Amino acid sequence: MQFIPSNEIKVSVLPEQRPWVCSPDMIRRMVQREDTIAFDIWEEKQLVGFAMLRKFQEGEWFLWEYMIAGEQQGRGYGRKALRELIRLMKTQYGMHTMTTTYIWGHAVAARLYESLGFEQTDVVDEPDCHEVNMVLHCPQE
């Protein structure tokens, strides 16, 4: 897989998944921040996904957006790309901790993150937000 720096999202998720991701306009604004990086995710010559991360402090990154294109889902790209993204962030950006969230009840996201070693830290349960916070500690090799 290849991770090509990006300044906008070029893939779309399935219609029922749209509430789980930021709008393209919001993503365009967020990638302009100095503490944010984004990647188009390619498998050979096929664009399959998008990832956007925000740096909190040295070695600590928040996986802000992570998605596999709707038409590419169910082919194993999600796990493969996230595993390789973690490796990239460790080797090229010195990451030792990655955090992320998912919408409570999103079982596919929960299984994906847990399968790669993320652990639940807490649940945000507010009137307009019901998210699960996750963390991955990455020992340096």
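**Salt bridges and a positive patch in a predicted model**

R54 and D35 form a salt bridge in this predicted model, with the closest N and O atoms 2.8 Å apart.

Trainee: Which parts of the chain does the pair R54 and D35 link?
Mentor: The two residues are 19 apart, so the pair links distant parts of the chain. R54 is partly exposed at 26% relative accessibility, and D35 is partly exposed at 23%. R54 sits in strand β3, and D35 in the loop between α1 and β2.

Trainee: How many salt bridges are there by this rule?
Mentor: One of them joins E8 and R28, with the closest N and O atoms 3.7 Å apart. E8 lies in the loop between β1 and α1 and R28 in helix α1, so parts 20 residues apart in sequence are tied together. By this rule the count is seven.

Trainee: Which helix gives the largest share of the positive patch?
Mentor: The patch is formed by R79, R83, R87 and R111. R111 is in helix α3, residues 107–115. R111 is exposed, with a relative accessible area of 54%. The largest share, three residues, comes from helix α2.

Terms used: Residues are numbered from 1 along each chain as its sequence is written. This is a predicted model: local features need pLDDT of at least 70, side-chain atom pairs count only at pLDDT 80 or more; totals for chains, interfaces and linings use all residues. Side-chain values use heavy atoms; hydrogens and water are left out. Patches are made of residues with over 30% relative accessible area and no salt bridge: like charges are joined within 9 Å, nonpolar side chains (Val, Leu, Ile, Met, Phe, Trp, Tyr) within 5 Å. Accessible areas come from the Shrake-Rupley method with a 1.4 Å probe; for residues, only the protein chains shown count as cover. A salt bridge is a side-chain nitrogen of Lys or Arg within 4 Å of a carboxyl oxygen of Asp or Glu. Lys and Arg count as positive and Asp and Glu as negative; His and the chain ends are not counted. The place of a charge is taken as NZ of Lys, CZ of Arg, CG of Asp or CD of Glu. Helices (H or I, at least four residues) and strands (E, at least two) are DSSP runs, numbered from the N terminus. Buried means under 20% relative accessible area, exposed over 50%, partly exposed in between (1.4 Å probe, protein chains only).
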